[in-house]
Amino acid sequence: MENDAGAGPPGCQALIDEALSLTDPAGEPYARRLSGYFAPTLKEDPAEAELASHRLMIRAGLIRRLAGGIYTYLPAMLRSIRKLERIVRRALNSRGAQELLMPAVQPLELWQESGRDRKYGPELLRLKDRHGRDFAIGPTHEEVMTDIVRRDVRSFRDLPLNLYQFQTKFRDEIRPRFGLMRGREFIMKDAYSFDTDSESANASYRAMHEAYTEIFTRCGLRFASVEADSGAIGGSFSHEFMVLADSGENTLISCPSCGYAANQEKAELAGYPVARGEESPLARVHTPDQRHVPELAGFLGVPESSIIKSMLFVLEDGGPVLVLIPGDREINLVKLENALAGGRPRLAEPGEALAITGAPPGFVTPVGVRIPVAADRGVEGMLAGVVGTGEEGWHYTGARPGRDFRVDSYHDLALSAAGDPCPRCGGPVEVRKGIEVGHVFKLGTRYSEAMGARVALADGTEAPIFMGCYGIGIGRTIAASVEQSHDKDGIVWPMPLAPFEAALLPLQTQNPAVMGAAARLFRDLAALGVETVLDDRDERPGLKFKDADLLGLPLRVTVSERSVARGECELRERATGKVTMLPLETAAAAIRELRDRAL
RNA sequence: CGGGGCGUGGCGCAGUCCGGUCAGCGCGGCUGCUUUGGGAGCAGUAGGACGGAGGUUCAAAUCCUCUCGCCCCGACCA
């Protein structure tokens with residue numbers, strides 16, 4: 001855009017040019033002027049965005065949508081991405097991990113070899129080349145990584161090894177949403193560790209867990225590391241890193257007294273209170289129109305926990321199974337799937353329930369059924385429960401498992417809730433919401449065995465390599481940061497992830513004294529390595545303030561006729577709103593110090 | 001994939017039920033003058049043929065059919 005600096009005094013333009021020429025060691029400029037900088041801000045909320053981070057990232061000129069779940073990162077966003085990548089690199093490199101870059105396009109054969117071709121299903125974006133050969137766009141890189149290692153790693157002497165990359169992944173999500181929070185195309189840092197044995201693999205896992213803790217701490221995020229289910233990636237154990245935010249899609253259980261934390265899907269639950277009742281004979285009771293637990297409990301005058309909910313599930317690779325759980329409890333589908341080993345369970349349709357058990361919805365009974373029966377441990381000690389009879393309008397009271405009906409197996413199947421006993425210390429747990437930004441898995445030998453990645457051991461025999469894999473969603477982490485830290489006016493960046501550290505606002509660009517002072521400050525800040533944008537646009541103060549709040553850089557420095565007359569500038573901290581007047585001569589140094597303290 | 005909502009200048013929307021009077025409003029853009037510490041005022045100006053394709057009709061943004069896309073709620077994930 002325009003090349004002069006308003007009505008600056010002689011030398012003003014030279015100072016600005018000097019500032020603009022300074023770069024960090026990676027070649028990234030410390031300073032930018034807002035005029036001509038491609039960060040188009042929007043005055044109104046975009047119709048497509050619901051979630052705060054999504055809305056604000058669009059409004060602040062950080063991202064633009066190209067197609068569903070596919071976004072362009074505009075210059076300011078890319079700066080934040082690079083910063084996060086630098087934080088991640090430092091943490092991984094210092095632990096001996098080595099960066100490489102694998103292809104995004106992968107031969108489908110690799111996926112057939114690991115068997116994940118089928119398991120990933122339509123989420124794996126497939127394509128054919130001109131010869132008709134099958135490829136996929138990598139949703140993750142275990143296969144390629146394993147392939148690379150099996151070709152060139154032959155001996156235990158080559159291990160341990162930890163390789164990582166920053167890669168654009170593609171997952172054809174059923175429903176992309178919330179902007180960068182769940183995109184189809186996204187940048188992921190994925191690392192893979194290779195060890196000769198399980199103990200060494202554990203050490204690699206611990207090192208990565210530690211690296212992740214360091215990374216998210218450095219980012220200035222409030223987060224928790226929780227025990228997690230290992231899901232589709234497979235493997236023996238895993239932790240998720242959750243950024244705490246009310247809008248998070250994940251629920252996590254944590255114990256303030258002992259520090260236990262787990263994804264709600266995974267959280268163990270045992271020994272919670274149920275109404276056991278007193279041993280009594282099975283009795284058939286008329287319960288007209290009492291279909292749901294709360295009404296039924298009220299009607300019978302018993303606590304909800306003494307009602308035994310009978311739910312019919314159909315397993316993905318198996319038949320039906322009847323699942324019993326106390327009436328005041330919710331079923332945890334992940335735990336159920338893991339307990340039953342028959343693939344993913346699905347709640348039977350009312351019609352199916354009728355066909356399989358002969359009972360109308362709400363009156364399914366475990367009494368006399370011929371299909372397998374699995375129950376939550378809460379049911380185990382019940383002496384007098386309430387169950388259906390299989391007949392509309394009638395329930396049994398006094399039902400006792402083992403005496404009145406068969407239970408084939410007891411498991412931990414219930415969803416943890418606030419106040420439940422902690423599985424470690426028994427203290428009451430808390431429930432919080434989080435955004436999953438990182439996930440570490442101990443994979444074991446699942447991939448190395450399937451794909452023949454083996455090494456020679458010291459004793460001359462060969463064994464499969466023990467693997468681990470570790471991911472961080474780069475865009476998601478930044479979106480999560482915005483989600484965790486914003487207000488009605490815009491984003492409130494933590495210093496380490498902010499696209500720039502300071503915004504410099506000369507309020508009267510036509511005033512030579514103001515522009516002169518701003519240009520000097522701009523140069524001084526850049527020279528001190530403070531990343532600064534100069535709002536040199538000839539706009540009214542109000543607009544500049546609004547835009548500054550929206551973009552949310554941590555420090556805002558205002559230079560105006562008023563302040564310059566007193567030889568000062570105004571420093572405002574975005575997060576706290578705290579305002580300090582600084583002498584112009586020493587402002588740059590003071591701002592730098594403030595920046596350094598926040599990093 | 002099931003359920004709900006929506007596609008009209010760059011952005012946000014009205015108009016659609018009850019075809020014609022319809023292509024409109026706010027913001028933004030551009031020009032000029034005034035203004036300059038919290039999204040300025042006035043005047044002027046450019047810009048869309050109503051997601052796309054068929055159809056009904058003298059006449060379609062509006063009715064019908066098909067189709068594409070987007071957003072939200074559910075089952076998956078960094």
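1. Of the atoms of RNA strand B that lie within 4 Å of the protein in this predicted model, 44% belong to sugar or phosphate, and the rest belong to bases. Around RNA strand B there are 49 residues, of which Lys43, Arg182, Asp549, Ser560 and Glu570 come nearest.

2. Arginine 476, by contrast, places a polar side-chain atom 2.9 Å from a base oxygen of RNA strand B. The elements that give two or more residues to the surface near RNA strand B include strand E2 (63-67), strand E22 (430-444) and H15, and H15 gives the most, with seven residues.

3. Helix H15 (residues 541-551) also holds lysine 544, which is buried yet has no salt bridge, since the nearest side chain of opposite charge, that of aspartate 535, is 4.2 Å away, whereas a salt bridge requires the atoms to be within 4 Å. A polar atom of the lysine 544 side chain does, however, lie 2.9 Å from the backbone oxygen of aspartate 535.

4. The count of disulfides comes to zero. The sulfur of cysteine 12 is too far for a bond, because the closest cysteine sulfur, in cysteine 569, is 15 Å away. Cysteine 422 is in no disulfide either, although the sulfur of cysteine 258 is 3.5 Å away, because a disulfide requires sulfur atoms within 2.5 Å.

Terms used. Residues are numbered from 1 along each chain as its sequence is written. Chains are lettered from A and ligands numbered from 1 in the order in which they are written. This is a predicted model: local features need pLDDT of at least 70, side-chain atom pairs count only at pLDDT 80 or more; totals for chains, interfaces and linings use all residues. Side-chain values use heavy atoms; hydrogens and water are left out. Helices (H or I, at least four residues) and strands (E, at least two) are DSSP runs, numbered from the N terminus. Buried means under 20% relative accessible area, exposed over 50%, partly exposed in between (1.4 Å probe, protein chains only). Lys and Arg count as positive and Asp and Glu as negative; His and the chain ends are not counted. A polar contact is a pair of N or O atoms within 3.5 Å; within protein, one must be able to donate a hydrogen and the other to accept it, and residues adjacent in sequence count only if both atoms are side-chain atoms. A residue is near a molecule or strand if one of its heavy atoms lies within 4 Å of it.
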